[in-house]
Amino acid sequence: MRKLNGRDLKALFILSIVAPVGILASLRLTGILQEPKTISETVTLESINWEFQRPNNDVYIDKKLDATYVNSEFKATMLIWIGAYHENDPIIFDHLSLGIIINSSTTNPDGFIENIYVVLRENYQASKVSWVRTDFLLENLSIVDLKELPEENSVKAYARFVGLNHSNRANLQAAILWKLWSSNAQSHQMEISCELIYYNGTAHKKMAQPFQLRILGRS
Amino acid sequence: MGKVRIYGKKVRASILIPILLLSVWIVFPVSASSSWSKPRPSSPTPYDEVIGNAYTDGIASIGVGVHIGTYYENDPILGDFLTVKVSASANSRKGIQYSCQWPSTYNWYDVSDPTGITEDNSGVNLTLPFPVLLYGVEYFRVWVCDNGFLSFDSQFTNSTPANIPNTDPPNSLVAPFWRDLNPAAGGSITCGYINQHPYSFVISWNNVPNKGNGALQTFQVVIRERPGGSEFHNTIFFQYKSITKDYPTTVGVEDQVGDKGTSFDYNNLYNESCLECYVGGQGCRLEQLQIRLVKIDTDAKIEILENDVGGYNVVLKSSTNPHGSTYAAAIKFAAGQLISKVFGGCAGIMFGILLIVGDYSGILSANLSEPDLTPEDADEWEILAYVTGIARDELYSQPPFDSTLAANVLWKFLDPNDEDHFVIIYADAWYRNLDTGIPYAISTSVTLNMYINQPPAIPSAPSGPTSGYVSTTYTYSTSTTDPEGDSIQYRFDWGDGTDTTTGSYPSDSTATASHSWISAGTYYIKARAKDDYGAWSDWSPSLAIIIRCSLTVETHTISGYQIRDVKVWVDGGLYYSPIAVAVDGGTHTVEAESDFVRGAFWYTFDHWENGSTSNPRSVNALTDMTVTAYYNKEMCPTLFVWNGTEYIYETLLNIHAESDVTVQHQIQQPLALDGLFYKLQLRELDNYTSHIDQVKLYAVDNGGEWHLCPLTSAKLEDAYVTRKLLFDDNKRVDLTPSETINLKFLPSIPYNQTAYFIFEINGYNKKDL
């Protein structure tokens with residue numbers, strides 16, 4: 001190994017400053033390191049519910065549950081797209097394909113989408129949720145945390161996104177599989193909550209749209 | 001072929017694939033890939049099929065199992081996708097080899113706990129006081145057989161010793177002295193734990209007699225507790241206190257499947273000796289297991305369902321910070337660049353120090369810790385998806401002898417069912433010889449292929465008869481090939497609105513089908529082919545067949561009796577009834593003879609079977625049909641002439657009418673003079689009566705002039721009725737059945753000048769048949 005000469009040491013010195021600063025900047029920019037935000041207002045919208053008799057065969061449902069929230073400074077459309085119920089798959093058993101689409105924007109040029117949080121809960125244990133990661137489409141968003149939890153948890157999965165570049169527009173599309181490991185007599189109820197935090201130019205605000213999906217067991 | 005994104009740059013997949021595949025071959029000894037190949041369906045299709053492959057390098061073995069679930073079409077959210085479960089299973093047991101040290105130190109243990117074995121050919125299941133590692137498998141119980149052996153997987157009581165190794169049971173075998181012994185005849189089988197160093201478990205056969213000659217055998221097996229934890233196999237001692245060499249005996253150890261074992265010749269044993277069986281060193285252990293899915297097309301994705309990953313003896317710890325691995329990779333990459341390109345190795349260390357002393361060193365160090373489970377999906381521009389698990393013994397958290405990793409996968413297709421897709425699924429195992437430190441890797445693979453099914457080629461034009469008859473069955477053949485070699489079903493269109501679908505035929509073989517047509521006409525037969533997956537070919541060229549029908553013409557009397565040999569004409573062709581003529585489908589002209597004499601009867605056409613009286617008639621023949629002409633059978637006076645020797649039949653005189661009619665008849669028979677007269681007779685043969693008003697005979701000369709021959713006498717039975725027959729008046733002779741009128745005429749011109757004669761009758765007969 002050759003000895004470090006003066007030029008190398010100079011470069012190392014510069015690097016020792018640039019690297020930590022760069023990493024700090026990138027962590028801040030990507031939202032991994034965040035300053036605590038004070039939410040000045042929280043709006044929780046009325047739950048949108050959907051009910052479905054659990055069939056004994058494959059059923060293409062293709063049903064969209066959509067909600068729009070608009071005020072003078074912010075607009076969000078949230079859509080739960082219920083795709084198809086598939087029965088008795090040898091690999092993943094009974095399952096439902098779901099899509100989640102969120103489009104949001106602020107009207108104030110100084111406003112931006114701070115972050116988006118989607119959480120899926122079900123108390124019944126014999127079910128799991130899988131994110132279909134290759135079907136994610138994000139615009140001005142970055143994934144901060146994406147998790148699927150074991151079946152014994154009531155929170156089955158969640159995803160946390162952070163807005164990029166203080167953009168006043170952020171959109172996401174996500175797909176999930178809701179896997180039902182139960183007999184067709186068993187009912188399931190999934191609560192999906194879409195929460196958005198935005199900055200309107202002067203304060204951070206939060207809105208939440210709950211969805212409730214009920215699959216009724218067949219006696 | 002699309003492009004693949006590597007380090008942010010797009011590279012043509014066609015360039016990368018050979019490199020990638022080559023790298024696989026270079027890094028891993030691999031087996032030939034097994035394959036599963038199906039056409040891509042156009043609707044949801046459950047498969048529920050399993051395919052696998054395995055490879056061994058003689059030390060370790062790797063297996064891949066793929067369970068193909070269901071193909072879904074047009075899911076509103078996920079589109080087209082196939083569910084697949086992939087498992088990789090590896091073990092390093094093949095490299096385990098027991099050695100024998102002979103002689104070893106003899107140190108007999110007296111153990112007294114009864115095993116409970118007292119019967120011949122019997123055994124018991126004992127709980128081991130400590131786990132026993134035999135050929136890489138850890139056991140907690142053992143079956144003891146009275147015939148001098150232990151089996152670890154299940155109970156056996158074989159009395160005939162078999163050679164080692166031997167795949168026949170018993171396997172997982174430890175045999176200190178396997179021969180036919182009989183504890184029922186004496187002795188005891190005892191066991192005990194030696195609770196002092198060296199800690200051991202002992203099973204002892206004490207004075208157990210041979211079943212054959214009763215000679216007593218005393219020996220024991222001593223299983224030594226492992227001193228160094230799980231990574232070493234237990235050493236096994238066979239001790240012989242008093243044995244005889246009078247029967248074949250097996251001595252040794254054998255693995256779980258009976259393909260490996262170590263045996264010792266029992267003839268070399270002697271009393272108060274010890275044989276030591278041991279595995280030298282720690283051997284080879286698994287370090288890492290990986291499932292790797294390689295796709296080459298850009299219109300597909302591979303999604304590993306992260307919470308559907310599991311395994312045995314594999315550490316499945318999700319990263320607590322999912323993007324940490326991204327940072328870890330980026331920082332490692334940067335560090336690698338620095339180390340290799342800028343400053344050399346020393347700079348890498350410096351860089352690490354810089355990171356650690358920073359405010360965020362805690363976060364970064366957490367992120368730098370590679371998760372033990374590393375799933376990675378393959379998006380459309382990526383070629384590789386994988387999940388990796390660190391192999392760890394679940395009991396001892398050390399590199400194990402065997403390990404399994406499984407994951408559920410969605411194989412997604414982005415094209416509109418017009419592209420072939422395939423993915424190679426590898427199971428990779430890394431293992432290391434713990435004694436030498438040398439690492440190894442092995443791999444095996446399965447290829448899944450979903451191709452766009454091509455329909456069979458257009459079948460050949462059907463081959464078979466080109467003409468035939470209705471209601472007759474004919475057989476036709478055709479053949480074609482399927483591009484994928486699938487079986488083929490054929491559909492024959494018979495041209496009459498019906499079709500026939502055959503059973504399945506191998507590609508490029510001849511299929512046949514039979515049909516009969518119910519109507520005459522020209523039909524065009526064609527065929528098309530369908531493969532196993534429902535893809536139809538286009539229609540073949542057609543073959544024309546002309547189907548004719550049979551037109552039967554019969555002649556009957558009105559009362560229903562058939563008359564044969566009556567002239568009938570079908571489309572102008574002369575036939576004699578009854579006749580069946582093959583005709584094309586369509587309109588035909590049928591004519592029956594209008595009248596004819598048969599014997600003493602006169603037949604006249606009356607009507608057809610359909611009531612029509614039109615003769616000739618038109619017949620529309622599409623299928624076999626019969627037309628019948630009905631005739632009146634009429635009985636009128638019959639004329640006989642004297643030929644010089646006798647009266648012979650001349651003709652029947654048709655005066656069938658309601659009132660008088662005149663009928664002239666040219667005499668055909670030779671009419672001879674009998675003296676001065678021409679003699680003729682009128683006879684009535686039927687049951688009705690002819691009312692005869694007048695009869696005349698003309699002699700026609702050679703110039704065609706008629707000359708009336710005077711009637712000189714007419715005698716009915718005994719009465720003369722001449723005057724009644726001379727004139728056309730109201731006086732008639734009633735000629736009743738069986739009566740005869742004898743007529744005599746004088747010649748009007750010389751006989752030799754007479755060309756022929758005309759007989760004329762006037763009267764009527766109202767008989768109606």
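**Why these labels? A chat about chain B**

User: What makes up the secondary structure of chain B?
Analyst: The tally for chain B is five helices and 54 strands. Helices here are DSSP runs of H or I with at least four residues, strands are runs of E with at least two, and both are numbered from the N terminus. Keep in mind that this is a predicted model, where local features need pLDDT of at least 70, side-chain atom pairs count only at pLDDT 80 or more, and totals for chains, interfaces and linings use all residues. As for labels, residues are numbered from 1 along each chain as its sequence is written, while chains are lettered from A and ligands numbered from 1 in the order in which they are written.

User: Why is Arg683(B) called buried?
Analyst: A residue counts as buried if 20 or more other C-beta atoms (placed from the backbone) lie within 10 Å of its own, as exposed if 12 or fewer do, and as partly exposed in between. Arg683(B) has 20 such neighbours, so it counts as buried. You'll find Arg683(B) in strand E47, residues 677-683 of chain B. Across chain B, buried residues make up 38% of the 769.

User: Which residues is Arg683(B) in contact with, leaving aside neighbours within four places in sequence?
Analyst: Those are Pro637(B), Thr638(B), Phe640(B) and Thr740(B). "In contact" means that the C-beta atoms, placed from the backbone, lie within 7 Å.

User: What makes E9 and E10 of chain B a pair?
Analyst: Two strands pair if DSSP finds at least two bridges between them. Eight bridges join E9 (residues 123-134) to E10 (residues 137-145), and these strands run antiparallel, so they meet the definition of a pair. Thr127(B) stands opposite Arg141(B) in E10(B). In this hairpin, with two residues between the strands, Tyr135(B) takes a positive phi near 45 degrees.

User: Why are E7 and E8 of chain B said to stand at the edges?
Analyst: Seven strands of chain B form an open antiparallel sheet in the order E7-E19-E16-E15-E14-E13-E8. E7 (98-101) and E8 (113-114) each have a single partner strand, so one side of each is left without a neighbour in the sheet. Inside that order, five bridges join E16 (residues 236-242) to E19 (residues 273-279), with Phe238(B) partnered by Leu275(B).

User: What makes a nonpolar core?
Analyst: It's a set of buried Ala, Val, Leu, Ile, Met, Phe, Trp, Tyr and Cys residues joined through C-beta atoms within 7 Å. The largest has 97 residues, and among those touching the most other members are Ile176(A) and Ile291(B). Strand E11 (residues 169-180) of chain A gives the most to this core, eight residues.

How values were computed
Contact = placed C-beta atoms within 7 Å.
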